Amino acid sequence: MAGPQKKIIDFHVHLAQYEPFSDSAYEFYLKSYPSADAYKAFRDKYKNPVEFTGLMDESGVDYAVLLAEVAPLTTGIATNEMIAAFCRGNPRLIPFCTFNPQLDANMGKSLEDLCVKQGFKGLKLYPTYNHFYPNDPAIYPLYAAAERLSIPVLFHTGSSVFKNSRIKYGNPILFDDVAVDFPDLTIIMAHGGRGPWYGEAMAMVRLHANVYIDAAGLPPQKLLEYFPEMERFAHKFVFGTDWPGADMKRNIEKIGKLPLAREAVDKILGENALRILGL
Ligand SMILES: [Zn+2]
């Protein structure tokens, strides 16, 4: 291969172990293992960040974004504290905090504390899991803080297999308000409106300079079917796997095999994320 190896960033990684998992999340992950013991051995191994960075090395991933998740109704709980502890002292692990608007007050102030004092680099929100509309004015003080602090916000959009997820909160069109009202806020739509709304997600990307798509949780070989304009808008896509729901190495290989220009692949696999994260 010509030229220096470009950096690869997995923009969408969950902890292997939640405390606790919801029943539906546990059962979903368990299906990929021959037994409950085998699944437990996997979780025990990868709740150790040293083991996880070893897997990143084997997979060719330079940086991983680790996502907090407080969604007891749907998936379970990976607190901001759990993410901070997992990423501590390792600059290759990039911590994103979360809030559940149903549980947290003063989210703008809390975001500032988490980012300035504890080193969180981004925010993940789960409208479909926590049952709120992302353009609800009640969330706006949080967006104002994120915009002021230059903290990117990753949102779950589209469908999910987990029980109690409500898809109506995951329509990409809802981000039109947020993108207009916060023009300097970086908005990343995870899963690009998965299921019914790939076209809507693409419309947001086309309309708004500050809106991106994280292609996590989608089969890479289908991406051009879902987003026929992916090459032209390669500067607006970031690569993510939704690990442990998907294999990092295999997904990178599949993206590399798409009929896209090398420059487009480099942007998607790493360059855009480096820019968004200020690395
Ligand atoms: Zn995810």
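How many bridges pair β7 with strand β8 (residues 187-190), and in which sense, parallel or antiparallel? There are four bridges, and the pairing is parallel. A word on the model comes before the rest of the sheet. The structure is a predicted model, in which local features need pLDDT of at least 70 and side-chain atom pairs count only at pLDDT 80 or more, while totals for chains, interfaces and linings use all residues. Residues are numbered from 1 along each chain as its sequence is written. Helices (H or I, at least four residues) and strands (E, at least two) are DSSP runs, numbered from the N terminus, and two strands pair if DSSP finds at least two bridges between them.

Eight strands make up an open sheet with parallel pairing, and their order is β1-β2-β5-β6-β7-β8-β9-β10. At the edges sit β1 (9-13) and β10 (237-238), each of which pairs on one side only. In general, strands of a sheet pair through backbone hydrogen bonds, either parallel or antiparallel.

Back to β7, which spans residues 153-156 and is covered on both faces. Val153 and Phe155 are buried on one side, and Leu154 and His156 are buried on the other. Here, buried takes 20 or more other C-beta atoms within 10 Å of the residue's own, exposed takes 12 or fewer, and partly exposed lies in between, with C-beta atoms placed from the backbone. Towards β8, Val153 has Ile187 as its bridge partner, and His156 has Ala190. Strand β6 (residues 122-125) also pairs with β7, again in the parallel sense, over three bridges; there, Lys124 is partnered by Leu154. Together with helix α8 (residues 175-181), β7 and β8 make a right-handed β-α-β unit; right-handed is the label when, with the strands pointing away from the viewer, the path from the first strand over the helix to the second runs clockwise.

Now for β5 (residues 93-98), where five of the six residues are buried. This strand runs parallel to β2, joined by four bridges, and pairs with β6 in the parallel sense over three bridges. The chain gets from β5 to β6 through α5, in a right-handed β-α-β crossover.

Val65 belongs to strand β2 (residues 63-67) and faces Ile94 in β5. Why does Val65 count as buried? Val65 is buried because 27 other C-beta atoms lie within 10 Å. Leaving out residues up to four places away in sequence, Val65 touches Asp10, Phe11, His12, Val13, Ile94, Phe96 and Gly122, where contact takes C-beta atoms, placed from the backbone, within 7 Å. Val65 and Leu277 are 212 residues apart in sequence, yet their C-alpha atoms are 9.6 Å apart in space.

Helices pack against each other as well. Helix α5 (residues 107-117) and helix α7 (residues 140-149) meet at about 30 degrees, with their axes 7 Å apart. That angle is why α5 is roughly parallel to α7: under 35 degrees counts as roughly parallel, over 145 as roughly antiparallel, 65 to 115 as roughly perpendicular and the rest as oblique. Axes are lines fitted to C-alpha atoms, for helices over the stretch in contact, and angles run from 0 to 180 degrees between N-to-C directions. Residues making the contact include Met107 and Leu111 of α5 and Pro141 and Leu149 of α7.

Key: Contact = placed C-beta atoms within 7 Å.
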